[in-house]
Amino acid sequence: MDRLKAILSDPENSVRLAAAIEREPAHLPDGYVSPLVGDPSAIQWYRARKALSFYAWDIYAAAAIKHYRAQNPSRGAPLVNARSACVGTLPTQFIDSLESEYLRSKEVPWRDERPEGYSFDPFNNPQSLPGYRDECMTHHEMSSDMGALLSAILTAIAPEMEAVLGHYWSAGAVRLFSQKPGHDGGFHTDGWPLAVRKLMIYPSGADAEKGTTTLVLRDGSTVNITGGKGTWALFENSTLVHRATAPLPGNNPRPTIEISVMPAFRTDPTITVHGIHVGYPWLPPDVKGLEGDAIPNGFTSEEINARSLLRTLMLAIDLPDEIKATAPYLRGLGYLDA
Ligand SMILES: [Fe+2]
């Protein structure tokens, strides 16, 4: 906790220092385990940031859903509401090229490569990273050709995904990995904001033998995502319990493309963020570009980001004694209004 108080005691630099906490795990050499893992200050920070993040995403998703319904009044209920997981197949012209492009992709060791502004998890057990991940799966670099191909694929299935989701959407982080035989993942939920979902694409197909994702549906039944090359699945990764099911011994590692899918006010399938880490941005990315004098004071994207960092700091520590010392910097944050 002292670490967070130290940031607060340096109010002129507090935004920069708070942002540095989140940058710390990224941009470090291969094999590096973040000092934030298990750090009590990082855990307090994470809990506060997550609380604000989930609230922001809930409100944002509700607005995006209303917007979509207003523009598409004849569309029925989103398919994912009833099924919680939807499976499809890529258009034929992409199937072979995606598999060959994936198989050409360069294998790289796991490393912490979380994009800036994306969530991090200080609860990860340092004993399990990164060697454990390399033991269970191979990770692959995304080429510019693969980025262009994925953007074309997502554009092609965008209308189908809108019908599944019931809102416009944009692509978040992408990662490419292959699950190795004999290394099933554990059953879990992802713990993301519920509005952010996960799209899995299986370039070589998925089933119990070649490896798949196993889902426990809302009715309690357990299903394996099953399909040939180019199968995709969009599912509620934070409400459905699921696991990576490894290929049976003797099979090749199972190629997987994992993409976070975010609600949006217009569909934008462009791949902008990729790496070894998939996840979600703490805040909806559409706040970018709010500059201009037609907007009320304090609503530039930079100011919104600075306030979210300071609010996180306020939530993560005990407030009362510190507030007075930093009062000029807390104007507009809502902590001085009572
Ligand atoms: Fe998961």
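This is a predicted model: local features need pLDDT of at least 70, side-chain atom pairs count only at pLDDT 80 or more; totals for chains, interfaces and linings use all residues.
1. The largest nonpolar core. This core holds 53 residues, and among its members Val 174, Leu 234 and Val 261 touch the most others. At least two residues of the core come from each of these elements: the helices H3 (40-71), H5 (92-104) and H7 (144-165), and the strands S1 (85-89), S4 (168-179), S5 (197-202), S8 (231-235) and S10 (254-264). Helix H7 gives the most, with 8 residues. As general background, nonpolar side chains in soluble globular proteins tend to be buried together.

2. The surroundings of Leu 234. Which residues are in contact with Leu 234, once its neighbours within four places in sequence are left aside? They are Val 80, Cys 86, Met 161, Val 164, Arg 197, Leu 199 and Val 261. Val 261 is, like Leu 234, one of the residues that touch the most other members of the largest core.

3. Is strand S8 mostly covered or mostly open? It is mostly covered, since 5 of its 5 residues are buried. Thr 231, Ala 233 and Phe 235 lie on one side of S8, Trp 232 and Leu 234 lie on the other, and both faces are covered. Strand S8 pairs with S1 in the antiparallel sense over 5 bridges, where Thr 89 has Thr 231 as its bridge partner. Strand S8 is also joined to S5 by 5 bridges, and these two strands run antiparallel; here Lys 198 stands opposite Phe 235.

4. Other strand pairings. Strand S2 (residues 107-108) and strand S3 (residues 137-140) are antiparallel and share 2 bridges, with Val 108 placed opposite His 139. Strand S3 is joined in turn to S4 by 4 bridges, again antiparallel, and Met 137 stands opposite Gln 179 of S4.
An open sheet of 3 strands has the order S7-S6-S9, with antiparallel pairing. Strands S7 (222-224) and S9 (241-245) stand at its edges with a single partner strand each, so one side of each has no neighbour in the sheet. On average, neighbouring strands of this sheet are turned by 20° against each other, direction ignored. Within the sheet, 3 bridges join S6 (residues 212-216) to S7, and Thr 214 has Asn 224 as its bridge partner.

5. Helix H8. This helix covers residues 301-316, and its 16 residues reach 22 Å from first C-alpha to last, close to the 22 Å expected at 1.5 Å a residue.

6. The packing of H2 on H8. The two helices pack at an angle of about 75°, and their axes are 9 Å apart. Angles of 65 to 115 degrees count as roughly perpendicular, which is why H2 is described as roughly perpendicular to H8. The contact is made by Ser 14, Val 15, Ala 18 and Ala 19 from H2, and by Ala 306, Leu 309, Leu 310, Thr 312 and Leu 313 from H8.

Notes:
Residues are numbered from 1 along each chain as its sequence is written. A nonpolar core is a set of buried Ala, Val, Leu, Ile, Met, Phe, Trp, Tyr and Cys residues joined through C-beta atoms within 7 Å. A residue is buried if 20 or more other C-beta atoms lie within 10 Å of its own, exposed if 12 or fewer, and partly exposed in between; C-beta atoms are placed from the backbone. Two residues are in contact if their C-beta atoms, placed from the backbone, lie within 7 Å. The expected span of a helix is 1.5 Å times one less than its number of residues. Two strands pair if DSSP finds at least two bridges between them. Axes are lines fitted to C-alpha atoms, for helices over the stretch in contact, and angles run from 0 to 180 degrees between N-to-C directions. Angles under 35 degrees count as roughly parallel, over 145 as roughly antiparallel, 65 to 115 as roughly perpendicular and the rest as oblique.
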